[in-house]
Amino acid sequence: MPARSTPSPAELARAAKLLAELLAAYPDAHCELNYSSPHELLVATILSAQTTDVNVNKATPSLFARFPTPADYARSSPEEIEPYVRSLGFFRNKARAVFESMREVHHRFNDQVPRTMDELLTLRGVARKTANVVLGNAFNINVGVVVDTHVERLSKRLALAPKKANVAQIERRLMVLFPQDHWCMLSHLLIWHGRRACKARGSSCDAHPICQTFGDHCDRRTTERRAAKAALTISAKPAPLRKSGKKTTTRRAKNAGGS
Ligand code: SF4
């Protein structure tokens, strides 16, 4: 990951204000994947790639019932897992990732999901985002910030990260702007705001309480306001006289005078 750049006091104050407002707006924010153990959360997070938590939550009850422990997955095969995850897209890859990661958890980690980023990253289907989800939610360990599509979009709209920043750069920026013990919650808060108000299309900018105040700092809202103001200014200007109209009037006046 790129080196951390130190934020200014003003940037830190702004981030603290945003965090307080998000906490007030979404006091119940939490991971919306259903799970009852660390290995179930790991499986659900692997399955959540390129689909919604709602879809994953529809598929996992029967999957978790059929494979209650990492050992049960390890004794099966990707082909046996596939029917349970077929509805989620990329199901062959996902079934294989679930099978291989659970087999590793069973054989190498004694049925316990590892609690370090480095160990988690050795499992198939586990990248930094998935590892952050598991560490933060299953073990309350904050070593990074989950940057999914909502966190990426909101970080840019709220000018927490540069418009052209990639996922790794956004994560690094959020890590220097927000206190470490809030990193897991921060991602929940941004995801909740992204799902409920600040959507990819059709954001309800004027409807949501948090945007009544923090919206003033929102890059997208500021741009929209500037455009609206410019449109008003243009429509308020008097229309210029048309040259042809001027000539017609003059000719008419001359004719009127001559008769
Ligand atoms: S003002 Fe609109 S674009 Fe900005 S954070 Fe709120 S919902 Fe998102």
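Biologist: What makes Glu82 count as partly exposed?

Modeller: Glu82 has 16 C-beta neighbours inside 10 Å. A residue is buried if 20 or more other C-beta atoms lie within 10 Å of its own, exposed if 12 or fewer, and partly exposed in between, with C-beta atoms placed from the backbone. The 16 neighbours of Glu82 fall in between, so Glu82 is partly exposed. This is a predicted model, in which local features need pLDDT of at least 70 and side-chain atom pairs count only at pLDDT 80 or more, while totals for chains, interfaces and linings use all residues. Residues are numbered from 1 along each chain as its sequence is written.

Biologist: Where is the place of Glu82, and which residues does Glu82 touch?

Modeller: Glu82 sits in helix α5; helices here are DSSP runs of H or I with at least four residues, strands are runs of E with at least two, and both are numbered from the N terminus. Leaving out residues up to four places away in sequence, Glu82 touches Phe91, Arg92 and Ala95. Two residues are in contact if their C-beta atoms, placed from the backbone, lie within 7 Å. Glu82 and Asn93 are 11 residues apart in sequence, and their C-alpha atoms are 9.1 Å apart.

Biologist: Is Glu79 buried or exposed?

Modeller: Glu79 is exposed, because 11 other C-beta atoms lie within 10 Å. Glu79 is also found in α5, which covers residues 78-85.

Biologist: What is the phi of Phe90, and where is Phe90 found?

Modeller: Phe90 has a positive phi of about 50° although it is not a glycine. Phe90 is in the loop between α5 and α6 (91-108). With 13 other C-beta atoms within 10 Å, Phe90 is partly exposed. Ala159 has a positive phi too, near 55°, and is likewise a residue other than glycine. Ala159 lies in the loop between α9 and α10 and is partly exposed, with 15 other C-beta atoms within 10 Å.

Biologist: Which residues are buried in α9, and why are they put on one side of α9?

Modeller: In α9 (residues 149-157), Val151, Leu154 and Ser155 are buried. They cover an arc of only 105° around the axis, so they are on the same side of α9. The arc is that of the directions from the helix axis to the C-beta atoms. What covers these buried residues includes α10 and α11.

Biologist: How do α2 and α8 pack?

Modeller: Helix α2 (residues 38-47) packs on helix α8 (residues 128-138) at an angle of about 150°, with their axes 10 Å apart. That makes α2 roughly antiparallel to α8. The residues of α2 that meet α8 include Leu41, Leu42 and Ile46, and Val133 and Val134 are among those on the α8 side.

Biologist: How do you know that the buried residues of α1 line one face?

Modeller: Ala15, Leu18 and Leu22 are buried in α1. Seen down the axis of α1, its buried residues fall within an arc of 65°, so they line one face of the helix. An α-helix has 3.6 residues a turn, so residues three or four places apart point the same way. The buried residues of α1 pack against α10 (167-177), α11 (183-196) and α12 (209-213). The face turned away from them carries exposed residues, among them Pro9, Ala13 and Ala20.

Biologist: How many helices and strands does the protein chain have?

Modeller: The protein chain has 14 helices and zero strands. Buried residues make up 31% of its 259 residues.

Notes: Axes are lines fitted to C-alpha atoms, for helices over the stretch in contact, and angles run from 0 to 180 degrees between N-to-C directions. Angles under 35 degrees count as roughly parallel, over 145 as roughly antiparallel, 65 to 115 as roughly perpendicular and the rest as oblique.
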